[in-house]
Amino acid sequence: VYKRQVSTQSTWERSSTKKPMFEPTSDPAAAQPEPEDPEAKATKERLRDIWISFRSRSKIGQLWLAVLYLSQLVSWGCIWDPVGYSILSLFVVILIVNGIILWHYRGFTRLIHFIHLLLWNPLCIYLILRLSGKAGRVIPNGDPTQMIATVCLLFYCASLCFDIRNTFQWFAGDHAVCGTSDWGRWAQGPKEDPSEPVSPPQQKKSVPEDIPIQEVHAS
């Protein structure tokens, strides 16, 4: 009769002594995270700069820009009318052009206001003619198209008042990006470069008092 030998080692101890199925590699290069794609990193940095530039604007400027752009979405209420798809199509064009400008300059510049001035001026003229009945069919009173055209026209006119000033500053040489140290320096005028040597002020030559002044007599 063969007796079965019972092991005194517990089940937990026996299982802990087993080798793992996948042993961790000892290669230090494999433990390091993969390097980030340089293009993805540059894109993140550019988007971060654009966001910082937007947040650098004043609270009123941020609110006004958001309300101005969101107000264009009411044109969906009259998309069947030329007023509706004129507002919406120009809104899409402005978004694309301003997006290119933001991406190129990595933030908000005064060139954006020139785009508003260039595209919204003809639209304001069209809306005025349309509301007065001189272009297209007459819009009846109480029609949603009349209310939407009036609201958008008021926003456009208010925005163009600021766009004229900012466009003039852009063409005058103020190409600074909002949020940078150069923003607002154009209004203060040029500053002296501290690296350049400053010439001492020239003093006027004074005539000593003890030298007599000769009078010239006509002969």
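Trainee: Does D81 count as buried or exposed here?

Mentor: At 2% relative accessibility, D81 counts as buried. The term means under 20% relative accessible area, while exposed means over 50% and partly exposed lies in between (1.4 Å probe, protein chains only). Across the protein, buried residues make up 26% of the 219 residues. A word on the source: this is a predicted model, in which local features need pLDDT of at least 70 and side-chain atom pairs count only at pLDDT 80 or more, whereas totals for chains, interfaces and linings use all residues. Residues are numbered from 1 along each chain as its sequence is written, and side-chain values use heavy atoms, with hydrogens and water left out.

Trainee: Which residue does D81 meet in a salt bridge?

Mentor: Look for a side-chain nitrogen of Lys or Arg within 4 Å of a carboxyl oxygen of Asp or Glu. D81 meets R130 this way, at 3.1 Å from N to O. The two partners are 49 residues apart, D81 in the loop between helix 4 and helix 5 and R130 in helix 6. R130 is buried too, with a relative accessible area of 3%.

Trainee: How many helices and strands does the protein have?

Mentor: Helices (H or I, at least four residues) and strands (E, at least two) are DSSP runs, numbered from the N terminus. Here there are eight helices and zero strands.

Trainee: How many salt bridges are there, by that rule?

Mentor: The count comes to four. One of them joins R110 to D174, with the closest N and O atoms 2.7 Å apart. That pair spans 64 residues, from the loop between helix 5 and helix 6 to the loop between helix 7 and helix 8 (185-188). Both R110 and D174 are buried.
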